[in-house]
Amino acid sequence: MGSRSGVTKARLLFGVLFACVLAVAIAACGSSGSDSSSTASESTTAAGTGSGSETETSSDSGSGEGKAMLEGAKVAFANYTDAAPVYLELKKGVEAAAQETGVDLSTYDNKGEAQQTLQNAQLMANSNPDMIMDLNPVAGTTQSAENIFERESIPCIAVNVPGSGYCPWIDLSNQALGTEMAKVVAKEADAKGWKAEDIEVILVQSAGLGPAVNSSIGFYYEELSKLIPGLPKVDSFKSIGPETTTIGDSVVQVNGEALRQPSFEAVQNALQGIPADKHLIVYSISDESSLGAYTAVQRAGRQDDLLITGLAGSEEGLEQLRNNPAWVAEGDVFFSHWGEYLMAMAAAMMEGQETPDMTAAPIATETKKLTIKGTGIVPISTYYKPNSVQPYRLPPLQPEEEAVTSAGESGTVGNQYLEKTGVLQLFGNVTGLEK
Amino acid sequence: MSTATRDVAESHGMARRRDRRFAAKALASPYSGTTILLVALVVYFAASSSEFLETSNILVILGAAAAIGIVAIGQTFVVVSGGFDLSVSGTAPLAAVVFGKIANEGSGIVPALIVALAVGAAVGLVNGLMISRAGFNPLIATLGTASITGGLAFVVSKGLTVIYEDRATGFLAERSIGEIPNQVWVLLIVACLTFIVLRYTTFGRSLYSLGGNWEASWLAGMRVNLLSTSVYVICGVTAALGGIVIASQLLAADGQLASNYALLSIAAVILGGGSLTGGEGGVVGTVIGVLALGVLTNGMALLHVSSFYQEMATGGVLLLAVGLGRIRQLVNVA
């Protein structure tokens, strides 16, 4: 007669052996795959040679020596998460750019978690690289990560989410994207004869990602309300915060968590409170979110009375822009090419160049055919060949000028200074810097 | 008093006693707290929002409840037997991704469905063997498989979203009988089958015995290891089915699907009268728990409650329902 509590040694041994075999099998499968970094770093070894580990600074800013300085330089890059397609594309672009510039790259996965981000920050600092590039997932964590880098005196770049200022910051301009997409939507709504009293606007935010990501919603709606008379006005883009759920009677904001399923569920529920005869305008902060929202509208049978935009320039987003009548604009952020700009920014910093408050990442507002001069609103064919999801050209560099950063503060925004490093010319795809 | 009057008084007294017994029996039900809560929520939201009781909204609630309901029904088997399964959060997206990939290759929806459900069964088998044969703690074992299966979902999809290229692949979310989505019918079928199994079969009754007292069940000659393993297999299959249902709604699958379903499914079972120590619970209570959570989410969305407060409210409701159930237990004991 035995008892459950008395686990025999044989059972225990079996369990341990089973777990070990399973772990080895999983590890074996994982090592044969590619692009599967977790907490461990993967080195992309430089193709070229060079002194590498010592950071050389030049008293002449913009000397063009930055390109040479990158050869063999040790760079650590922490991605927001390898689990989301758009961020996976970004990481692949960074790796490709590292190969092209001869950088010795190590990558880390922040997994969208604050604790992992801080752990990776320490790991990166411990590896003593020449440059750290950190894509922080959680608003507020950047300060803590920056403290680690500053303590170790390691130069760094804050990607997408700003810190306190130690790490120069590169980000897409939410103001430009938001206002431009509003212009496109307003034109399309006008062409359809839609009036404000017949319109319901659904804004799909990701409350946990903070203002650096969600501010595009505020810029979008502020502009839209100016262009469509009768829509409830807001004092400024900052009026729309994470706890905003309604604006007047014709605007609702829901939390889609930047993911497809939560966005689908949030919009599906929101639609129940919107009369069936209302025209729908949907805006969200990512393609995944827009796709979830669109599916919810489609399931409700209201896709023919909808204007929707995407933000990311993902493969699916571009396909929707090409083939879906309701999808009228795609805010393209060329994520897969940010690596080029990051390397150029690193080179500029190594040269001793002063960076603006926000280095502008490449963006464009792509439409099916519409062009609005003096803006970044252009047809998709400006940057993509038919049926291609890889841009053959990137937008021209922007001169630094006073603007509103994506954190909602006034400052200098631009990226023209990157030209002087000579790095972007290596890739030859930026308009005006072709080979 | 005349005989007739006395007879009437007696029958009224009997009716009152019968009503009191019925009320006592209803309140004695393990999911009485959640039922009261569900009714209260329905009444509140119906009074606060004119759209709440509209047919389209009810269908949205049922459709949203279907996926989590299917997963929670599988979880019911495990909780009744004295365990719990956290790996559903990894099994669901893995099955959804596998289903999509096979269907996209043109192999057919039925083979894709069979393979995806088999994946769920395999995960459940691994869980069951680890827990019943190797004596692993269910928390640790299923937490481990949750991470493994969740990671596998990303490996299989290469970190990308698997789009269901043919709309027919998402048949579970389509409406074939009236306006009711197919996933609701699937939920009903799964719930009915589970009800029959748990209430009327030796297997079902054995699970309650197992959860109530493992040692006594073993001493009574029950095949406790087989029972324990089988409930995890069932849970794995339902988790796979739930993942496919969600993906059918979205016509896409990725590794982040159903990331909160482990805790939600366990919460639904507990709301429905289940106990983490085992031996209690049932499909009726689980379905009521799922509906309560679905009504709460939908109602708060209709009332435009901020998502921050929605999370707090969901936690508060869970504590309230469990608290009502606990009061009931104390009253019964008294």
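Two residues are in contact if their C-beta atoms, placed from the backbone, lie within 7 Å. The model is predicted: local features need pLDDT of at least 70, side-chain atom pairs count only at pLDDT 80 or more, and totals for chains, interfaces and linings use all residues. Residues are numbered from 1 along each chain as its sequence is written, with chains lettered from A and ligands numbered from 1 in the order in which they are written.

In chain B, 77% of the contacts between residues at least 6 apart in sequence join residues at least 24 apart. Chain B holds 13 helices and four strands (DSSP runs numbered from the N terminus; helices are H or I of at least four residues, strands E of at least two). Of its 334 residues, 53% count as buried, that is, 20 or more other C-beta atoms lie within 10 Å of the residue's own, with C-beta atoms placed from the backbone.

Chain A has 12 helices and 17 strands. Of its 435 residues, 56% are buried. Eight strands of chain A form an open sheet of mixed pairing, in the order 8-9-7-10-11-12-14-15; strands pair if DSSP finds at least two bridges between them. Strand 8 (246-247) and strand 15 (377-379) of chain A stand at the edges, each with a single partner strand, so one side of each lacks a neighbour in the sheet. Strands 12 and 14 of chain A run antiparallel, joined by four bridges. A329(A) stands opposite T367(A) in strand 14 of chain A.

Helix 10 (residues 315-323) of chain A has as its buried residues E316(A), G317(A), L318(A), Q320(A) and L321(A). Their cover includes helix 9 (287-299), strand 11 (306-312), strand 12 (327-332) and strand 14 (364-367) of chain A.

Note on methods
A residue is buried if 20 or more other C-beta atoms lie within 10 Å of its own, exposed if 12 or fewer, and partly exposed in between; C-beta atoms are placed from the backbone.
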